[in-house]
Amino acid sequence: MSSTADNFPASITLVGAGKMGSAMLSGWIAMGLNAQTITILEPAPHPDLEATCKTEGVALNPPLSALTPAEVLILAIKPQMLESVAPALSPLVGPGTLILSILAGKRIADLAARLPGTSAIVRAMPNTPAAIGRGITGVAASSSVTERQRGMTDALLGAVGAVEWLASETLIDAVTAVSGSGPAYIFYLAEALAKAGEAAGLPADLAARLARATVEGSGELMHLSPELTPAKLRENVTSPGGTTAAALAVLMADGGLSPLMRDAVAAAQRRAGELSG
Ligand SMILES: NC(=O)c1ccc[n+]([C@@H]2O[C@H](COP(=O)([O-])OP(=O)(O)OC[C@H]3O[C@@H](n4cnc5c(N)ncnc54)[C@H](OP(=O)(O)O)[C@@H]3O)[C@@H](O)[C@H]2O)c1
């Protein structure tokens, strides 16, 4: 069986090292990827990024003319930059290059049209807990992506969390609506719980601390209990006729949280479709 290290590419060009790009870089270095195989193109590098590149030996902003196509070209710029950046990137894409894009809303066909040097393209939708190595990324591949290129994708994205391969690119908008945008729903849950605590008579700062720690701790408990479904974890803390059951009767009623969440996810999915192109 091949190890993660066997699946690291021989060379990587990372275009855009903002929040996501930097999180991936940290993950790769932590997993032992040879930093000297990485080249970063980033017009406004954060001082922390400059320091990391210097310490680890990552090439930061070498002249484009000095670069040849890497085994993997990773796009982590803002999606609206793609059109203006693509012409300069074209010489960095050869027939053996895998393009790995995390650009929200940019379809495989858009990427193929902008960067025609290869047909091997992977489109990924990560989420913000990638910043702490606890993200989850939905991934779709063009038909010419090889097993080796899938392995490289698993190794590179696996450095910042879980990776889920999608049967079809059409599922990306739904992934965006569930896990891409999902962290914001959970943060909002913490806000709403804090507000409810205030309404129940708690001082605002105490209510905020209670709500925050409850969301943090519950997420961690779920993380540490992979054998238990969320439903089982919920049942385990719900005594019949008790206080939790009283609240859940409201949340789980017709017109409660479940249909509201379905509508919210559908709205995000619709919007993801509108923004694609
Ligand atoms: N953050 C998330 O949770 C998340 C989730 C899913 C998908 N994504 C996708 O990930 C991508 C990056 O998001 P992010 O949150 O990391 O954004 P970000 O922090 O703004 O990072 C984008 C970086 O690309 C740089 N850049 C701009 N023009 C460039 C060029 N010509 N060449 C190279 N680099 C260039 C930007 O520099 P400037 O600051 O100078 O413009 C910035 O540092 C986006 O396409 C987004 O859709 C992000």
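Here is a short tour of the ligand site and the sheet in this predicted model.

Before you click, note that local features need pLDDT of at least 70, side-chain atom pairs count only at pLDDT 80 or more, and totals for chains, interfaces and linings use all residues. Residues are numbered from 1 along each chain as its sequence is written, and side-chain values use heavy atoms, with hydrogens and water left out.

**Stop one: the ligand.** You'll get 21 residues, and K19, M20, E42, I77 and I102 come nearest. Colour this shell by type and you'll find 15 nonpolar, 3 polar and 3 charged residues. Here Ala, Val, Leu, Ile, Met, Phe, Trp, Tyr, Cys and Pro count as nonpolar, Asp, Glu, Lys and Arg as charged, and the others, Gly among them, as polar.

Now pick K19: a polar atom of its backbone is 2.9 Å from an oxygen atom of the ligand. Hop to M20, where a polar backbone atom is 2.7 Å from a ligand oxygen. At A104, the distance from a polar backbone atom to a ligand oxygen is 3.0 Å. Zoom out a bit: on its own the ligand has 880 Å² of accessible area (Shrake-Rupley method, 1.4 Å probe), and the protein covers 76% of that.

**Stop three: the sheet.** Switch to cartoon view and look for an open sheet of 8 strands, in the order β3-β2-β1-β4-β5-β6-β7-β8, with mixed pairing. Strands are DSSP runs of E, at least two residues, numbered from the N terminus, and two of them pair if DSSP finds at least two bridges between them. The edges are β3 (59-60) and β8 (161-165), each pairing on one side only.

Finish by selecting residues 135-141, strand β7, which pairs with β8 in the parallel sense over 5 bridges. Click T137 and look across: V163 in β8 stands opposite.

Methods:
Near = heavy atom within 4 Å. Polar contact = N/O pair within 3.5 Å; in protein donor to acceptor, adjacent residues only side chain to side chain. Helix = DSSP H or I, 4+ residues; strand = E, 2+ residues; numbered from the N terminus.
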